[in-house]
Amino acid sequence: MTDELKFREEGTPAGEGDEEGTEPSDKGVAQMYKRWFLDYASYVILDRAIPEVEDGLKPVQRRILHSLWEMDDGRFNKAANVIGHTMRYHPHGDMAICDALVKLAQKGLLIDMQGNWGNPLTGDQAAAARYIEARLTPFARSVVFSEHITPWQNSYDGRSKEPIALPVKFPLLLFQGAEGIAVGLATKILPHNFCELVKESIAVLRGYKPKLLPDFPSGGLADFSEYSDGARGGKIKVRAKIEVLNSKQIVIREIPYGTTTTSLIDSILSANDKGKIKIKKIEDNTAKDVEILIHLAAGMSPEQVIAGLFAFTDCETSISPNCCVIAEGRPLFCSVSELLTRATNRTRQILKLELEHERHVLREKLHLATLEQIFVEERIYRKIETSESWEHVLRTTEKALKAFHEQLVRELTQDDVLKILELKIKRIAKFDQEKNKALIAELKAKLEEVEKNLASLTAFCIAYFKDLLKTYGKSFPRKTEIATFAQVKAAKVAVADQKVYIDRKEGFVGTNIKDGELLGECSEFTEILTLSQAGELKVHRANEKTYVGKNVLYADFFKPSERCIFHLVYRDGREGPVFGKRFDLMSYTRNRLYDLTRGTKGSRVLYFSKNPNGEQEKVQVLLKDNGLLKGPGKLHLDFATLAIKPRTLIGTVITHEKVDKVVQVLQGASTLAAQRVWFDREKNKLNKEGEGIYLGKYSGEESLLAVYKSGSFEIFPFDWDHHFSPDLLEIQFFDPSQILSVVYFDEEKDDHFVKRVAVGEFERGRYDFVPLRSSAKVLVATLREDPRVTVHYKGNRNTAQSEETFRISELIEVKGIHAAGNRLARKPVRSVSL
């Protein structure tokens, strides 16, 4: 156990106070367990699970790299040999070392691999260690190691020396990421992009605050709005990148960080088996790149399935970063920016140490070369020819050399004299003065350059990082797309595959009721609203069987909406007045009974209606003939004259007479004001907060029209929570007079085509407007009125590149949706733009 366990609690040593030869007391045993547990916890934290802030490595990773460096001769080494060599330094089994070696190599920065090293995308394991080979990359040789400035310590058995920390001149920990679980402590540092790390390190050196976001090797999309700079308490949402091939197929191209294609497919199949999504089949075509092909079930749209994948499978997951490292022998919780700043400052310090070491080496070479030149040119060797003793030789030589002390780099020492006297006669006889002067000039120039770099150390560090970016940056493009996700509500996208029945007589609602009345089909998230004749309202989720009370007057599926208004007429008690009320139901607690009347015993509901868009409604209240009425025995009630109030209010008195029944006489348009609607392209979500593109006003009956790059358009009812697939091109309120203009490229025919389709001919649903095959690629699809396209032609040896602009309406008339269309041009087309 090392002496660096600084955070270990100080306590009385185990057994203190117990006499030798006696059993320890209870207090002594407790102290022993306390110390042993702290020793074990400290060991796991410091020497196994948590990386060191100085070089960003765990001990096993550091020992693997040190072994590879000791074995390095430019050729590949068997992984089994690397593991065996590492066991000289690592006091654990070969399997632990092998797993760490594979994970380190799969990062793709420090270790060149040969053989089957597994696939982190699919989760496939690496081949046995005897079949795979490894060596250090050029990056690792130049950035990770510097023997002369590396601090060393004894290995666990004292037979070898191992580095305390490698002099890594790069924010390695942030590039690779780290994950580990210790005793009462854990770390989860996410990987970042190489180029961004280098650029932000330069920003730190220039005095700016760094801004970093993770970049995952598996790609995908990520929402970093709650990242909190990688500190504890932050959260990241990651999604798979899904493309719509056509109305029958979608494909997953990139997967979320922390998943594999195998685990992702398992989660999709599990959701399908539970009925949460509906797919026909799934194919895993993953090789070098991810390709999971999903065939949709009949009647399912790509947008509906994609939303279900995000809601019910591992296509969307959350990651909670926890940036914890070992700094000065203690666990340190910090942010990613602080880690980068520490790594950048340490790189600066290491570069300074390397420059100082290089300066020392150059000064020694220059000092020795100058002494040799003086010794030979001034023929000092002749002055010692007559010396009778070694001591006299030393004194004579030293005295002669000291006379030229102004030419020397430093003071003359006894060791310098001994080195000069070791010159061989052959070297003195063939001494080339011009060559030696050139060497001295070269050493002085190098020394001057080193001194210049030391004087402007920050500029030297910036140049160092720029060189890293220039040399290695092209190999590390960003893979994860930064996005902002709108939350996919499971209740909105769940498949309605359960039949719900109601037994009005016994007062039960559910999917497992015999001889009941069918309410309809729903999902496990669907809510059901029931109202009894006594005026008790209840909202609950669909399940096998729920008691809602006898004498059910109303039962139907319910979705909260601020535009959904309820109309109610009830009698207060057995002989009381009749009230009317108009209310919404935006806040409620499931499975709780709400009394919509005054609560008087004997109260009874006379009329109830649900108006999804606040429709106008008039009813006729028919009074009982008691022989005393002077006028007609009926009253007219226009609910539009009643204000919308909370459900807890008793309502407005309609009459004190006895009422026979209430009947509807008119239901008209919505009485609510139309809502202004915007579409936010970043979140792919409709909103009323003015974010994004203004679409128009929604009054309750309108439909939306969406055009997709996959070659289809969809007409669907307005829904604030509608999920749009990522390949959305245009969205508008549906207008039957709209014309869709399209330019697409058919790879099978190797030609460009143009077509126009009248979308007003279609009802709600999804329709393909290009041939249903993967070879058709949509280039332009727009609902603009009289659109124009610019066609860019290819050039050749005889003709230059050119372009031409057309009105699409002049190229083709409106045709059927299944028509292929007309050829766009006869010349070879390079590109097309709207």
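Colleague: Why is Asp-786 called partly exposed?

Modeller: Asp-786 has a relative accessible area of 38%. Buried means under 20% and exposed over 50%, with partly exposed in between (1.4 Å probe, protein chains only). The 38% of Asp-786 falls in between, so this residue is partly exposed. Before we go on, please keep in mind that this is a predicted model, in which local features need pLDDT of at least 70 and side-chain atom pairs count only at pLDDT 80 or more, while totals for chains, interfaces and linings use all residues. Residues are numbered from 1 along each chain as its sequence is written, and side-chain values use heavy atoms, with hydrogens and water left out.

Colleague: What makes the phi of Asp-786 worth a look?

Modeller: Most residues other than glycine have a negative phi. Asp-786 is not a glycine, yet its phi is positive, about 50°. You will find Asp-786 in the loop between β42 (776-782) and β43 (788-793); helices (H or I, at least four residues) and strands (E, at least two) are DSSP runs, numbered from the N terminus. Glu-328 also has a positive phi, near 55°, and sits in the loop between β15 (324-327) and β16 (330-333).

Colleague: Is Glu-328 buried or exposed, and how do you know?

Modeller: Its relative accessible area is 67%, so Glu-328 counts as exposed.

Colleague: How do you know that Lys-188 and Glu-179 form a salt bridge?

Modeller: The rule asks for a side-chain nitrogen of Lys or Arg within 4 Å of a carboxyl oxygen of Asp or Glu. Between Lys-188 and Glu-179 the closest N and O atoms are 3.1 Å apart, so the pair meets the rule. Lys-188 itself is partly exposed, at 21% relative accessibility. Searching the whole structure gives 31 salt bridges, and Glu-196, Asp-215 and Arg-478 are linked in a network of them.

Colleague: Why are Arg-342 and Glu-338 separated by about one helical turn?

Modeller: Both belong to helix α10 (residues 336-377), and they are separated by about one helical turn because they are 4 residues apart there. An α-helix has 3.6 residues a turn, so residues three or four places apart point the same way. Arg-342 is partly exposed at 35%, and Glu-338 is partly exposed at 32%.

Colleague: Which parts does the salt bridge of Glu-364 and Arg-410 tie together?

Modeller: The side chains of Glu-364 and Arg-410 meet at 3.0 Å, N to O. Glu-364 lies in helix α10 and Arg-410 in the loop between α11 (390-402) and α12 (414-421), so the pair ties together parts that are 46 residues apart in sequence.

Colleague: What makes a set of residues a nonpolar core?

Modeller: The members are buried Ala, Val, Leu, Ile, Met, Phe, Trp, Tyr and Cys residues joined through side-chain atoms within 4.5 Å. The largest core here has 80 residues, and Leu-110, Phe-170 and Phe-194 have the most contacts inside it. Helix α10 supplies the largest share, 8 residues. A second, separate core of 28 residues includes Ile-279, Ile-292, Val-305 and Phe-310.
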